[in-house]
Amino acid sequence: MSTHVRPERGSGGPAGSGHGPPPRDPRDPRSVRTGDFPGAFPIGPAISFLRRFRGGLDSGNDLPAALAEAGSTLPRELRVALDRLLSRLAGDYQEDEWGFDEEFADALLPFLEFLYDRWWRVETIGARNVPSHGRALLVANHAGILPWDATMISVGMLREHPLPRYPRFLVLDWAFALPYVSVAMRKLGGVVASPYNALRLLEEDELVAVFPEGVKGAGKPFKERYRLQRFGRGGFVELALRTGAPIVPVSVVGSEEIYPKLGEAPALARLIGAPYFPLTPTFPLLGPLGVVPLPSRWRIEFGEPIDVARFGPEAAEDRSFVFELSEQVRETIQGKVYDNLVARGSAFL
């Protein structure tokens, strides 16, 4: 089990409680918080970064070189984080058996917090519902084509939980064929989605995040946004029953707008071996820049945990019970999604 304690990030208690963060060393990039960027989102540096990044790619640089060149336009704190990332990618590092690299995740955290606080302005609710120790299964709705929802759930846990821990999130195997993206996913805690992998992680008392909608959720058209797809045969319920892991429903609002899917290109999907090739307002029209997600507002809510240990592992053999509990979890998440849509208001303002 990996428990990631970060006392300098606060206890996740209510605002105005009088318990501020302890002093920190401003020279340490791991102590950077995106609250250090006062005022509105710095759109000027962001645009400069994107322009220089695209120019580097167009001139024939590989991705790390293009990022390093474009990084000079970023605020100092993000430049430090980017330098740490690039230096780690070029040197020796340690991973666990799943490929999780906690030092890499720490180095990337200032950038993810920047997205969390400034780009998507995420509000996280109910993080204390997640068990502080031991195995647990986070079950969330899925959207956004790329697994940004998994990374924001992770940041929400690190920021808002009294005892932060990195979730291990299950990702469809085709996504691990994507260049560069696959490396980052694995190092941040992504694991190829399979019942065997999920079972092993839970038996190791890890916090595991699953997205039962699968590719149907990530690839649904924009007109069907926030309508949860079927949860398959309830495989996540079987895993929870066999391991006694509590199920924590998680609703995510905001991920549906980051890549509005307007259509597909089946021929290109077959060419790269993906289940679909999305067409959005910016991709592939803008090339690599089309991968930059839109700055929608997000809300993430962790619901009350469902204790399944009392049913015993033999309940996993009861197909009707498994399906009933799966539908219960799905309906709970769908209801919370609707509630948070209303609470969020406008998607971009």
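User: Which residues are exposed on the other side of helix 7?

Analyst: Pro-195 and Tyr-196 are the exposed ones there. Exposed means over 50% relative accessible area, buried under 20%, and partly exposed in between (1.4 Å probe, protein chains only). Helices (H or I, at least four residues) and strands (E, at least two) are DSSP runs, numbered from the N terminus. One caution: this is a predicted model, where local features need pLDDT of at least 70 and side-chain atom pairs count only at pLDDT 80 or more, while totals for chains, interfaces and linings use all residues. Residues are numbered from 1 along each chain as its sequence is written, and side-chain values use heavy atoms, with hydrogens and water left out.

User: And which residues of helix 7 are buried?

Analyst: First the general idea: an α-helix has 3.6 residues a turn, so residues three or four places apart point the same way. In helix 7 (residues 195–203), the buried ones are Asn-197, Ala-198, Leu-201 and Leu-202. They sit on the same side of helix 7 because their arc around the axis is only 130 degrees (taken from the directions from the helix axis to the C-beta atoms).

User: What do the buried residues of helix 7 pack against?

Analyst: Contact means heavy atoms within 4.5 Å. The partners are strand 2 (136–140), strand 3 (168–171), strand 4 (190–192), strand 5 (207–210) and helix 9 (235–243).

User: Let's take Thr-243 in helix 9. Is Thr-243 buried or exposed?

Analyst: Buried, at a relative accessible area of 11%. Leaving out residues up to four places away in sequence, Thr-243 touches Arg-135, Leu-199, Leu-202 and Glu-203. A polar atom of its side chain also lies 2.7 Å from the backbone oxygen of Leu-239.

User: Which element gives the most to the lining of the second largest cavity?

Analyst: Helix 5, with four residues. That cavity holds about 60 Å³ of space, and its lining includes Thr-151, Ser-154 and Tyr-166.

Note on methods:
1 Å grid on protein atoms, 1.4 Å probe; cavity = no way out; pocket = protein on both sides within 12 Å on 5 of 7 lines; lining within 4 Å. Points joined across faces, edges and corners; volume = space filled by probe spheres on them. Polar contact = N/O pair within 3.5 Å; in protein donor to acceptor, adjacent residues only side chain to side chain.
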